[in-house]
Amino acid sequence: MGRYIARRLLLLVLVIWCILTILFALFHLLPGDPTSIFVDNNFSVEMIQRQKRLWGLTDPLWLQYLHYIRNMAFFRFGDSFFQDQPVATILVDRTANTCLMIVPALIVSVALGTVLGALAGWRRASRFEQTTVTVSLFLHSAPSFFVGILALMVFSYDLRWLPPGGMVSLGGPQGFWAVLGSRDYLQHLILPALVLVSREITGPILLLRSSMLEVKSSDFIDILRAKGLRERHILTHATRNALLPLVTYIAVMTSTLFQGQVLLEIIFAWPGIGRELVTALGDLDYPVAQGALYIMALVTLTMNFGADLLYGLIDPRSST
Amino acid sequence: MALVEIEGLEIRYRTEAGDARAVDGVSLSIEGGQYLGLVGESGCGKSTIAKAILGILPPAGRIEAGAIRYAGRDLVGLPPAELRRLRWRDIALVPQSAMNGFDPVYTIERQMTEAIIAHRRMPRAERRQRIEALFEMVGLERSRIKDYPHQFSGGMRQRAMIAMALVLDPDFIVADEPTTGLDVIVQDQILHRIRTIHDATDKAMLLITHDMAVVSENCDRIAVMYAGRIMEYGGASVFEAPYHPYTLGLCNAFPNLADRDRPLISIPGAPPDLVAPPAGCRFHARCPFATTRCTTEVPELLEVAPGHVVACHYVDRAEEFRARAADPATWGGPCASGSQVLPSRHRTANRDIT
Amino acid sequence: MTMTGAYVSGFSRTLRALGTIRRYPSGTASLIVVLAFIILGIVGPTVAPHGPFDVLYNQDRSVLRLSPPTWRAWFGTTNQGMDVASQLIWGTRVALLVGLLSALGSVVIGTLVGLVAGYFGGWTDEILMRLTDVAFGIPFLPFAMVVISIARPSIGLVILLVICFLWRTTARVIRAQVLTLRSRPFIWAARAAGAGHLHVLFRHITPNVLPLSFLYMAVGVQAGVMLEAALSFLGFGDPNVMSWGIMLNAAFAAGAMRSAWWWVLPPGLALSLFVISIFMITRAYEELLDPRLRAV
């Protein structure tokens with residue numbers, strides 16, 4: 001197990017390094033001077049030179065690369081071009097906001113999806129199973145950003161039940177904990193979270209159903225029944241076994257959610273990291289864009305890494 | 001009254017082609033302390049009977065008619081709650097596939113404990129003690145009760161399975177091909193262990209196997225099953241002096257310690273389709289002695305000796321059958337193709353030795 | 001003889017499976033929908049009443065802005081007076097093109113990587129699979145957005161990025177399949193008979209992974225269309241090509257969700273219908289290939 005973790009960890013570092021290098025190449029090796037994108041024509045040559053020195057752009061490329069790797073490794077992203085704040089501060093705030101949207105959705109999706117999927121698999125060929133699976137298949141394959149647009153059109157603009165976007169109202173609570181505890185946040189959360197859940201829940205449902213079907217036909221289920229256990233008790237055994245693949249799936253789900261919620265953040269004007277990336281790219285605020293992309297890649301990687309480790313922990317068979 | 005009485009049992013499986021009559025009018029009885037061997041080729045319905053006794057038929061299977069009486073109570077149609085109370089406490093199972101018989105994500109102890117908890121109140125320490133004692137009884141180390149199933153070898157898992165079957169001290173144990181997938185030496189150990197437990201505890205047991213030799217070495221009574229029906233049923237005389245040509249064929253297919261030079265002969269052909277079973281005797285298509293009568297008239301079980309019944313029209317020609325059955329030519333040569341009765345146990349034995 | 005046998009069996013199995021998709025109720029409906037989109041995509045420009053960027057005018061020469069559906073403009077017009085129905089039809093062709101090209105590209109690359117990695121094993125496998133790991137670590141949508149904004153948005157670049165994103169799954173699945181195939185007797189029989197590596201790889205193994213490649217082809221079409229729409233919706237699409245995502249982007253930016261439902265619904269529904277139909281076909285095909293596969 002220890003060797004396995006070490007190997008995975010080494011791989012993780014390797015992949016991070018590869019991605020950093022790709023990022024570096026993207027931002028530095030592409031034709032055109034990075035400064036020319038944001039530096040105004042009115043800048044004097046001297047000012048441009050000074051700015052370039054400030055960002056180390058006058059150094060040889062290999063030195064720039066080394067500095068870049070070191071800075072990224074310690075999360076030193078520099079300052080934003082336009083917002084008068086360090087990039088790291090901005091990104092921490094936006095990442096927290098993103099979590100404020102996806103974590104509740106994730107919890108509901110996994111909890112509810114597990115129960116529904118397990119029941120669907122257990123009661124094979126029932127009307128409940130067929131309905132659940134059909135609806136899940138549709139929601140699973142439908143483009144979630146259009147679902148979001150539809151939800152917004154119906155519930156915010158037409159029925160006016162829910163606010164049409166944002167995380168809190170203007171002049172609403174500020175700061176992570178204040179937002180988290182507020183009613184205002186909950187009202188703004190409902191619609192985007194529902195849209196997220198409508199798609200994310202289909203993963204656990206379909207997965208649990210199919211792994212439940214497989215577990216159900218295992219011999220040990222017959223033995224449990226022959227042992228005279230109650231149906232509820234047998235269902236617990238079956239679900240526990242069927243849950244194994246879900247652990248991996250949740251981690252993968254989190255990473256896709258983290259990168260895929262860009263769309264929903266735009267639609268619902270949610271001030272998360274995805275929206276920050278889109279804005280930064282529009283403003284040519286490259287330090288922010290680069291940092292955001294790096295954070296997203298890190299989340300993806302750690303989640304995949306976590307998936308591998310968790311699987312080893314939860315399945316007694318894989319530990320030997 | 002016998003402890004277990006199976007009467008006129010009919011079980012069908014839904015298949016795409018129609019209903020398969022997996023078990024067709026089987027009657028058996030097992031007295032307390034008796035060891036019955038049920039033998040037949042794979043697919044003859046013997047495992048289905050085991051599943052029916054424990055009420056774990058797959059969803060496609062259903063009991064069409066008949067009764068399975070345990071201590072006088074019919075298990076067929078018993079309310080689920082009552083059936084549940086009876087399970088494992090009175091009737092336990094040593095399954096065909098010990099490999100997958102345990103839930104892989106719980107320890108063996110936990111799985112044995114839950115069987116106790118489901119039926120009895122027993123202090124924690126006493127439960128632990130009982131499980132450890134049973135582990136010792138089946139030849140496993142006490143300290144290994146906390147292991148997960150995957151940490152055991154196939155043979156150890158089957159021993160653990162036997163220990164689990166004994167955990168509530170049931171009066172009746174069904175062992176459904178308990179040695180499938182184990183190597184020969186372990187097979188013998190497991191069968192010996194079951195035999196010892198039977199002798200020591202005097203429990204009623206039903207051993208299901210395809211191996212005539214296993215039955216002859218272990219069981220008090222023998223039932224030979226073919227294509228969902230009982231062909232011959234009785235005591236040791238069933239293999240000492242068989243009447244039914246199918247029993248003769250089965251005995252031929254396994255080596256006999258008393259007659260080492262006798263060639264192994266397998267029965268040519270394959271068992272019939274149970275969706276549309278043949279008329280008359282189900283064995284007639286493969287029987288070297290079949291007549292036109294056999295193709296039309298279903299033979300009744302006739303008593304040939306006290307407690308020994310045979311379903312053949314020609315029980316009076318048994319002497320002649322026995323003599324002719326010993327000749328490989330009767331069965332279409334010593335290496336008849338399409339053999340279904342594979343003496344796998346002993347084939348593996350030879351390979352292991354060489 | 002055996003090699004053509006293997007080839008035919010792999011290929012005909014695919015055809016047979018495609019034929020029997022009809023047996024799945026959702027499969028039939030989905031096939032019809034996809035077929036309709038294909039026909040629309042091919043003949044579309046000849047039946048579309050206007051070009052995708054043509055502006056419609058009123059009789060008084062003013063621009064016909066945000067007109068609800070009428071006989072003249074079946075699905076109404078945009079805020080710039082463009083015909084929504086025509087844009088939708090032109091967009092169909094783009095969706096098909098993007099879907100097909102990105103699927104083809106990713107499946108060819110993925111299959112080749114999977115085949116080579118699985119068959120040769122060792123260091124080749126190690127390097128290719130670590131490469132796949134790197135690809136799996138890249139968050140697609142943000143990454144694509146950055147690349148497009150540094151380069152210039154074009155439909156070709158979008159397709160290229162989608163291919164970069166999709167090949168990795170195909171590679172992993174094909175590799176796993178090759179690993180199981182490699183241990184099958186007919187492979188070492190062929191090797192023992194003196195067949196070279198390339199011969200075994202392309203004559204014996206490839207035909208047997210083709211059905212799986214076809215499956216990922218369908219998956220690729222769905223993902224390609226969806227990703228193009230998402231990127232375009234976010235404003236990273238090719239502004240010179242009318243696609244459903246571009247339509248949604250324009251409608252969203254113009255606040256049409258409040259005022260002009262006829263502008264939002266057609267591209268959104270067309271996208272959903274197309275993507276869902278392809279998904280249903282994929283699923284039916286997957287179950288036909290392997291009845292045990294009832295997974296996501």
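## Interface of chains A and B

The contact takes 23 residues from chain B and 16 residues from chain A; two residues are in contact if their C-beta atoms, placed from the backbone, lie within 7 Å. This is a predicted model: local features need pLDDT of at least 70, side-chain atom pairs count only at pLDDT 80 or more, and totals for chains, interfaces and linings use all residues. Residues are numbered from 1 along each chain as its sequence is written, while chains are lettered from A and ligands numbered from 1 in the order in which they are written.

On the side of chain B that touches chain A, two or more residues each come from α2 (80–86), α3 (98–101) and α4 (108–119) of chain B. Helices (H or I, at least four residues) and strands (E, at least two) are DSSP runs, numbered from the N terminus. α4(B) gives the most, with four residues. By class, this side of chain B has eleven nonpolar, six polar and six charged residues. Ala, Val, Leu, Ile, Met, Phe, Trp, Tyr, Cys and Pro count as nonpolar, Asp, Glu, Lys and Arg as charged, and the others, Gly among them, as polar.

## Sheet in chain B

Four strands of chain B form an open, antiparallel sheet in the order β2-β1-β4-β5. Strands pair if DSSP finds at least two bridges between them. The edge strands β2 (18–30) and β5 (73–74) of chain B each pair on one side only.

Strand β4 (residues 61–70) of chain B pairs with β5(B) in the antiparallel sense over two bridges. R69(B) stands opposite D74(B) in β5(B).
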